[in-house]
Amino acid sequence: MNDKQDPKPHAPALSTRRVEGRPRVVVTRHLMPQVEARMAELFDVVLNTDDHQMDRAELIAAMREADVLVPCLSDRIDRAMLDEVFATPGARRLGLIANFGAGIEHIDLSAARAHKVIVTNTPGVYTDDTADMTMALIISAVRRFAEGVRQLHAGEWGGWAPSTLLGHRIGGRRLAIIGMGRIGQAVAHRARAFGMEVVYHNRHRVPAALENMLGARYEADLDQMIAQADILSLHCPASTETHHILSAARIASMKPDAYVINTARGDLIDEAALIDALENGRLGGAGLDVYTHEPTPDSRLSALPNVVMMPHMGSCTIEGREASGAKVIANIRFWADGHRPPDQVLEGWA
């Protein structure tokens with residue numbers, strides 16, 4: 001259960017033709033100014049100048065006029081949409097979906113393959129950013145930062161006292177990581193510096209040398225690892241395999257003073273069961289950057305004093321956005337020149 005799945009060794013022979021002239025590139029959201037400026041230099045680009053969220057009809061229209069679509073996580077592209085695009089007489093030949101971001105669960109890869117459309121992403125650019133956010137949520141949840149901030153803002157703080165707003169030290173606590181890909185490893189590296197005990201579960205055990213470097217111990221039994229965790233952090237991709245990997249039963253097995261941290265995808269957690277456990281004091285707290293329903297998380301979460309909530313900010317750094325844009329541009333240029341893009345998504349391709 002990595003944050004990036006293992007690619008297959010060979011890519012299919014899909015749309016690797018050379019594009020004559022400047023490819024028509026449609027970008028679904030506003031990107032960093034220097035990224036958009038570079039795209040305008042290189043491509044016949046259509047930008048989303050007001051940064052509105054495109055609806056289904058707009059995405060279909062965009063794909064009809066594009067050689068390349070540059071979507072984001074919030075743009076769901078399914079089989080019916082692609083079928084409609086390719087059934088349209090006179091439409092341009094969409095050949096590349098150059099996703100802005102690493103996650104590609106919002107794109108129907110099998111449908112793209114059926115229509116001979118290559119899909120690329122931008123892996124690795126947000127690893128440190130997301131790991132930093134994970135550590136921030138761990139510290140904030142365990143030390144009750146959100147409760148302290150709320151008291152200050154509400155004018156309810158009565159001054160320092162030896163028995164108020166008591167949290168826990170994170171040094172010596174057991175951090176259990178689900179998914180030991182790039183981000184999971186970066187979190188383990190940071191956690192070691194804080195003196196935490198790190199255990200992990202992954203689809204494949206990482207090499208012993210890497211375990212030693214990270215000070216991490218492999219746990220084959222996921223249920224046992226979750227039940228014994230002081231802090232549980234999720235770092236696996238969203239898929240049918242990982243949907244509700246933190247299920248109601250597994251939440252019920254956790255220690256009553258344990259914390260759940262999620263900077264990956266909301267669908268990994270049975271959110272209703274998590275809320276129930278938090279409301280009834282069966283968990284110590286949670287630090288969440290992602291939710292089942294975005295951008296409108298369950299209102300019960302914001303009412304809980306022991307939950308730290310962030311608005312999907314794990315990747316929100318200027319450096320990360322610039323690096324992601326640079327990868328998108330590189331993928332488009334390779335494809336337009338008739339070469340395999342460096343970040344072609346191979347998972348699920350025959």
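Which residues does D75 touch, not counting residues up to four places away in sequence? They are T28, Q53, L59 and H106, where contact means heavy atoms within 4.5 Å. The model you are looking at is predicted, with local features needing pLDDT of at least 70, side-chain atom pairs counting only at pLDDT 80 or more, and totals for chains, interfaces and linings using all residues. Residues are numbered from 1 along each chain as its sequence is written, and side-chain values use heavy atoms, leaving out hydrogens and water.

Let us stay with D75 for a moment. You will find D75 in the loop between β3 (68–70) and α3 (79–86); helices (H or I, at least four residues) and strands (E, at least two) are DSSP runs numbered from the N terminus. D75 is buried, that is, under 20% relative accessible area with a 1.4 Å probe and protein chains only. D75 has no salt bridge (a side-chain nitrogen of Lys or Arg within 4 Å of a carboxyl oxygen of Asp or Glu), and R29, the nearest side chain of opposite charge, is 5.8 Å away. The side chain of D75 does have a polar partner in the side chain of Q53, at 3.0 Å.

Now move along to strand β10 (residues 259–262). Y259 and I261 point one way, V260 and N262 the other way, and all are buried. Strand β9 (residues 231–234) runs parallel to β10, joined by four bridges, and I231 has Y259 as its bridge partner. Four bridges also join β10 to the parallel strand β11 (residues 285–288), where N262 is partnered with L288.

Note on methods:
Buried means under 20% relative accessible area, exposed over 50%, partly exposed in between (1.4 Å probe, protein chains only). Lys and Arg count as positive and Asp and Glu as negative; His and the chain ends are not counted. A polar contact is a pair of N or O atoms within 3.5 Å; within protein, one must be able to donate a hydrogen and the other to accept it, and residues adjacent in sequence count only if both atoms are side-chain atoms. Two strands pair if DSSP finds at least two bridges between them.
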